[in-house]
Amino acid sequence: MIIFSLFILLPQGYNMLHPWKRFCNKGCMPPMTPLLKQSRTASNHIVVHPKEQHKNSLIFLHGLGDTGHGWSDILHNNLFYKNMKYVCPTASERSITINMGMRMPGWFDIIEISKFAKEDEEGIKESVDYLHSLIQEEEGEGIPSEKIIIGGFSQGGAIALYAGLTYPRKLGGIIGLSCYLPLHKTIPNKVHESNKHIPILQCHGKADQIVSYLFGVKSSEIIHTFNPNIKFIGYDNMEHSASLEEIRDIKFFLNEIIIDKKDEV
């Protein structure tokens with residue numbers, strides 16, 4: 001078994017800007033499409049409604065300290081499908097231990113930095129259950145589970161990986177950006193048969209100093225021991241952020257797993 005430990009190191013005073021904003025500060029502007037109808041639900045989701053008939057759903061979780069709002073812009077501006085509904089929830093605020101207990105939106109606590117790091121198992125499982133409930137809401141609207149894709153960035157990607165592998169009905173796919181597999185020692189025994197071979201795209205910057213590139217690689221290796229349908233892509237010089245190259249690779253992945261190609265704009 002491959003053994004590794006996390007770590008996300010948040011330097012003192014670290015300000016978690018949205019990854020696309022950090023990328024665009026280097027001179028890029030995200031490509032734009034016409035603004036779609038957006039809404040904010042009572043549970044603080046940002047929802048981008050499909051332009052035409054609702055056939056697919058993408059649920060995407062942000063990283064530590066961020067909100068769902070920025071990612072909703074990225075999704076409908078750069079990964080647009082006319083029959084896709086985009087759901088971008090915002091995590092509840094919680095104290096983050098390694099960030100001096102500062103309260104910020106987070107899917108789970110980061111407790112310590114050490115070779116054998118303790119993980120917030122309760123917080124992770126709580127957020128996994130929450131993501132499962134969001135999937136169930138989409139199923140309740142008549143969307144088959146295999147037409148639902150989940151993903152996330154950093155902490156959000158970690159939750160998406162665990163939630164997708166353990167969901168009891170077949171999903172369309174998982175997208176994990178700049179993330180790792182949480183609770184990796186027990187996950188092989190938790191994977192549900194329905195999603196044992198789910199298509200997974202995992203992307204990671206080789207210059208990431210927040211979530212080590214090595215942890216991303218080792219996470220993909222663990223998943224590959226039971227699921228050959230995982231694709232891992234590393235990006236030279238990319239930090240804990242997003243890039244146009246990565247967005248293009250996500251688009252290719254979505255094109256492969258969305259059956260009805262007419263859904264693309």
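This is a predicted model: local features need pLDDT of at least 70, side-chain atom pairs count only at pLDDT 80 or more; totals for chains, interfaces and linings use all residues.
1. Helix α7 covers residues 244-257, which makes 14 residues. From the first C-alpha to the last, α7 reaches 20 Å, close to the 20 Å you'd expect at 1.5 Å a residue.

2. Which residues of α7 are buried? Here's the list: Glu246, Ile247, Asp249, Ile250, Lys251, Phe253, Leu254, Asn255 and Ile257. Notice that Lys251 and Asp249 are in there along with Phe253 and Leu254.

3. Now hop over to helix α4, residues 155-166. This helix has 12 residues and reaches 17 Å between its end C-alphas, close to the expected 16 Å. How many residues of α4 are buried? The count is 12 of 12, so α4 is mostly covered, given that buried means under 20% relative accessible area. Among them are Gly156, Gly157, Ile159, Leu161, Tyr162 and Thr166.

4. Next, have a look at the loop between β8 (173-177) and α5 (187-190), where you'll find Ser178. Its phi is near 50°, a positive value in a residue other than glycine. Is Ser178 buried or exposed? Ser178 counts as buried because its relative accessibility is 0%, and the cut-off for buried is under 20%.

5. Asn237 is another residue to check. Asn237 isn't a glycine, yet its phi is positive, about 70°. Why does Asn237 count as exposed? Because its relative accessibility is 68%, and exposed means over 50%.

Terms used: Residues are numbered from 1 along each chain as its sequence is written. Side-chain values use heavy atoms; hydrogens and water are left out. Helices (H or I, at least four residues) and strands (E, at least two) are DSSP runs, numbered from the N terminus. The expected span of a helix is 1.5 Å times one less than its number of residues. Buried means under 20% relative accessible area, exposed over 50%, partly exposed in between (1.4 Å probe, protein chains only).
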